[in-house]
There are 4 protein chains.
Amino acid sequence: MAPTDAEAACFEAGIKFGSLYHQFAGTPVAPESAPSLATAIEESIENQPHCTDVTVDIKTELLAAELAESTADYTELTGRFLEVEIVVEYEGCEVLTRMAMEDGYPLMRLESVRDRD
Amino acid sequence: MAPTDAEAACFEAGIKFGSLYHQFAGTPVAPESAPSLATAIEESIENQPHCTDVTVDIKTELLAAELAESTADYTELTGRFLEVEIVVEYEGCEVLTRMAMEDGYPLMRLESVRDRD
Amino acid sequence: MAPTDAEAACFEAGIKFGSLYHQFAGTPVAPESAPSLATAIEESIENQPHCTDVTVDIKTELLAAELAESTADYTELTGRFLEVEIVVEYEGCEVLTRMAMEDGYPLMRLESVRDRD
Amino acid sequence: MAPTDAEAACFEAGIKFGSLYHQFAGTPVAPESAPSLATAIEESIENQPHCTDVTVDIKTELLAAELAESTADYTELTGRFLEVEIVVEYEGCEVLTRMAMEDGYPLMRLESVRDRD
């Protein structure tokens with residue numbers, strides 16, 4: 001069956017999440033550089049088609065706590081340090097998605113699908 | 001509104017596409033190394049949840065033709081050299097997606113959404 | 001033979017360049033989002049050991065000119081849009097490196113190696 | 001001072017290591033897909049200039065052991081699962097480099113620099 005607009009909107013939202021995660025996972029990050037990285041991630045992914053809003057929170061306190069127990073002063077960005085919200089609009093459908101840790105795995109979740117008409 | 005299973009399946013399919021593209025774009029590639037890269041992309045993305053099949057075709061002839069006009073003997077993997085098909089199954093819904101070039105842009109497209117029940 | 005401090009400094013400088021390029025190549029970028037991306041690249045790579053300074057210039061005018069001839073309003077970051085300078089200090093040796101386009105290929109070059117003692 | 005050939009060879013070797021790590025870190029990997037990923041990493045990085053040999057060992061047993069304690073059946077490739085050896089030849093100098101874990105950090109190390117003349 002041909003996909004509905006809502007299904008296409010959900011596909012687009014998934015693309016943004018996969019892109020965000022696999023483009024930026026592995027980036028060297030420390031508490032001081034986390035804010036500029038979060039801003040760059042938001043602005044770069046917002047360039048993608050149908051993407052109206054990206055909010056990235058890098059958990060600076062968790063980062064600082066882990067580095068305090070390590071000999072290193074930076075680490076690699078991974079899902080453990082990220083909370084992300086992405087909003088996509090496609091042909092009148094608004095899709096809200098979130099990523100947060102669940103059972104030690106960065107779970108990307110479709111929160112809501114809304115037909116604005 | 002809470003998402004339907006079909007919408008969640010489409011979201012999952014989008015994640016796989018975004019992951020595939022942004023993990024592997026930029027990889028050094030030449031005609032000789034294209035087959036091992038295509039296999040690795042397929043097998044790595046098939047690890048992701050609900051992903052039943054990934055088929056990656058790296059266009060070796062186009063790659064060879066472009067390199068023949070260049071001083072380099074390899075280039076970076078980008079959408080121009082890729083055709084990809086991904087199948088996702090989620091709660092009884094099967095989603096088929098494809099990526100191919102359209103107007104010079106690697107377009108990821110939702111081909112069909114099928115409720116197997 | 002065991003490497004000299006200057007050779008180790010050059011190795012470290014190379015690591016930073018390879019990291020920078022392959023972490024961030026492929027990032028969606030447009031003229032408006034280029035400044036935040038350049039800042040994030042600088043601050044993230046400066047986290048790496050022995051890296052004292054990273055300067056990233058994303059060529060916004062070239063980006064704008066290419067997008068003006070396209071149907072897209074963003075593109076992927078690649079070497080064509082980048083000029084980078086990295087300074088590494090290791091055991092008293094300062095190494096200056098640069099990346100710029102040469103013959104259509106993003107050439108990473110060792111500019112100078114200075115023993116500060 | 002202008003760099004020596006040996007220093008340039010070390011810089012080239014560093015580029016390969018940084019490229020390898022930041023291109024492939026984050027790739028979804030499981031014990032079954034590790035061999036194809038290792039081969040693709042070797043063949044892709046060997047495309048880079050002056051790179052004569054790349055040997056990648058993905059530690060499948062460690063991977064299997066970690067997954068056995070998790071609810072997931074794959075994870076992301078990171079330095080913990082990698083042992084890498086890279087050989088670069090530049091203007092008669094051969095440089096051997098290795099990456100392995102040290103104190104919980106994937107340390108890239110310059111093993112030897114040899115002038116073949």
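## Getting started with chain A

Chain A has three helices and six strands, where helices (H or I, at least four residues) and strands (E, at least two) are DSSP runs numbered from the N terminus. Read from the N terminus, its elements run α-β-α-β-α-β-β-β-β. The C-alpha trace of chain A spans about 55 × 30 × 20 Å along its principal axes.

A few ground rules before going on. This is a predicted model, so local features need pLDDT of at least 70 and side-chain atom pairs count only at pLDDT 80 or more, while totals for chains, interfaces and linings use all residues. Residues are numbered from 1 along each chain as its sequence is written, chains are lettered from A and ligands numbered from 1 in the order in which they are written, and side-chain values use heavy atoms, with hydrogens and water left out.

## Where chain A meets chain B

Let's look at the A and B pair. Here 26 residues of chain A are in contact with 25 residues of chain B, contact meaning heavy atoms within 4.5 Å. Together the two chains bury about 2,000 Å², with 65% of it on carbon and sulfur atoms; buried area is the accessible area (1.4 Å probe) that two parts lose on being put together, summed over both. Glu7(A), Phe11(A) and His22(A) supply 32% of the area that chain A buries against chain B, more than any other three residues.

What holds up under the salt-bridge rule here? Between chain A and chain B, it finds zero salt bridges, a salt bridge being a side-chain nitrogen of Lys or Arg within 4 Å of a carboxyl oxygen of Asp or Glu. Polar contacts do turn up, in five residue pairs (both at pLDDT 80 or more). For these, a pair of N or O atoms must lie within 3.5 Å; within protein, one must be able to donate a hydrogen and the other to accept it, and residues adjacent in sequence count only if both atoms are side-chain atoms. Helix H1 (5-24) and E6 of chain A each supply at least two residues of the side that touches chain B. H1(A) gives the most to that side, with 14 residues. By class, the side of chain A that touches chain B has 14 nonpolar, eight polar and four charged residues; Ala, Val, Leu, Ile, Met, Phe, Trp, Tyr, Cys and Pro count as nonpolar, Asp, Glu, Lys and Arg as charged, and the others, Gly among them, as polar.

## Where chain C meets chain D

Now for C and D. In this interface, 26 residues of chain C are in contact with 26 residues of chain D. The area buried between them is about 2,000 Å², 65% of it on carbon and sulfur atoms. On the chain C side, Glu7(C), Phe11(C) and His22(C) lose the most area to chain D, together 31% of what that side buries.

Helix H1 (5-24) and strand E6 (105-115) of chain C each bring at least two residues to the side that touches chain D. H1(C) gives the most, with 14 residues.

## How the copies are related

Chain A can be laid on chain B with an RMSD of 0.0 Å by a turn of 180 degrees and a shift of 0.0 Å along the axis. That is the relation of a two-fold axis. The superposition is by least squares on the C-alpha atoms of residues with pLDDT of at least 70 in both copies. Since 96% of the interface residues of chain A are also interface residues in chain B, the copies meet through the same surface.

Chain C goes onto chain D with an RMSD of 0.0 Å too, by a turn of 180 degrees and a shift of 0.0 Å along the axis. The same surface serves both of these copies, as 100% of the contact residues of chain C recur in chain D.

## Aromatic pairs and salt bridges

Over all chains, a search of the whole structure finds eight aromatic pairs. The rings of Tyr105(A) and Tyr74(D) have centres 6.1 Å apart and planes at 80 degrees, so this pair is edge-to-face. Rings of Phe, Tyr and Trp (its six-membered ring) pair if their centres lie within 6.5 Å; planes under 30 degrees apart count as stacked, over 60 as edge-to-face and the rest as tilted. Tyr105(A) lies in strand E6 (residues 105-115) of chain A and Tyr74(D) in the loop between helix H3 (60-68) and strand E3 (75-76) of chain D, so the pair joins two chains.

In one of them, Lys16(B) pairs with Glu12(B), the closest N and O atoms being 2.7 Å apart. Lys16(B) and Glu12(B) are separated by about one helical turn, because they are four residues apart in helix H1 (residues 5-24) of chain B.
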